[in-house]
Amino acid sequence: MNLTQNCKISITEPVFSGSHRRPKFVGERTIVGKILRDSYGAQSGQHTFTVLVESASGVDAPEAGKTIRRKGRTLYKNATVLAYPDDHDTLAQEKSSRAAVAQDAKYRTWVDSAISGSRSATIRLHDIPAQWWEQNPEALATCSDFGLIDKGAVQ
């Protein structure tokens, strides 16, 4: 499933109440809508979708005509595609290009943060795929020079 702009989807999601530390499951809601747009966060590369609600039912269901935002990891887990747009292949290719740019920016942010002394970013360096390091040898050399990563470990 590759969600793009103009896909019609159905989302069934759990609803919780209370604090984020002690959430209490109170039921589910189902939302049918159309994806208006998607974006990737500049720093984290987090994929986010804006959905126009066509209909909804269940606990705390949003009104038809409202827009909601959902993270990609939530939609891909909970959504069913009801209809793809006619230009889905073109939209999917364009989205894939934007995803690659966002992913590259995310990895560069991790490298820069690790060089600046962030311990959590240093740990993340090991999550960067070897292919990215191969395509960015200057980043690998810099991290290696700072003793943040072993060149041999990523090749």
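The side chain of R70 makes a polar contact with the side chain of E13 at 2.9 Å (a polar contact is a pair of N or O atoms within 3.5 Å; within protein, one must be able to donate a hydrogen and the other to accept it, and residues adjacent in sequence count only if both atoms are side-chain atoms). You're looking at a predicted model, where local features need pLDDT of at least 70, side-chain atom pairs count only at pLDDT 80 or more, and totals for chains, interfaces and linings use all residues. Residues are numbered from 1 along each chain as its sequence is written, and side-chain values use heavy atoms, with hydrogens and water left out.

**The sheet**

- Strands of a sheet pair through backbone hydrogen bonds, either parallel or antiparallel.
- Here, five strands make an open sheet in the order β4-β3-β2-β1-β5, with antiparallel pairing (two strands pair if DSSP finds at least two bridges between them; helices, H or I with at least four residues, and strands, E with at least two, are DSSP runs numbered from the N terminus).
- β4 and β5 sit at the edges with a single partner strand each, so one side of each has no neighbour in the sheet.
- On average, neighbouring strands of this sheet are turned by 45° against each other, direction ignored (axes are lines fitted to C-alpha atoms, for helices over the stretch in contact, and angles run from 0 to 180 degrees between N-to-C directions).
- Ten bridges hold the antiparallel pair of β1 (residues 8-17) and β2 (residues 24-40).
- β1 also runs antiparallel to β5 (residues 79-83), joined by four bridges, and K8 has A83 as its bridge partner in β5.
- Helix α2 (residues 88-115) lies across β2 and β3, at about 100° to β2.

**The hairpin loop**

- Six residues separate the strands in the hairpin of β1 and β2, and G18 takes a positive phi near 90° there.
- P23 is in the loop between these two strands, and beyond its neighbours within four places in sequence, P23 is in contact with F16 and S17 (contact means heavy atoms within 4.5 Å).
- P23 is partly exposed because its relative accessible area is 45% (buried means under 20%, exposed over 50%, partly exposed in between, with a 1.4 Å probe and protein chains only).

**The charged trio**

- E13, R29 and R70 are linked in a network of salt bridges (a salt bridge is a side-chain nitrogen of Lys or Arg within 4 Å of a carboxyl oxygen of Asp or Glu).
- E13 and R29 form one of these, with their closest N and O atoms 2.7 Å apart.
- That pair links distant parts of the chain, with E13 in β1 and R29 in β2, 16 residues apart.
- R29 is also the bridge partner of E13 in β2.
- E13 is buried at 4% relative accessible area, R29 is buried at 15%, and R70 is buried at 17%.
- R70 belongs to β4 (residues 67-71), and the residues it touches, not counting those up to four places away in sequence, include I31, H47 and L75.

**Other salt bridges**

- The count comes to seven salt bridges.
- E54 and K8 meet in one, at 3.4 Å from N to O, linking β3 and β1 across 46 residues.
- E54 is partly exposed at 37%, and K8 is partly exposed at 33%.
- R98 and E94 meet in another, at 2.6 Å; they are four residues apart in α2, so about one helical turn separates them.
- R98 is partly exposed at 27%, and E94 is partly exposed at 37%.
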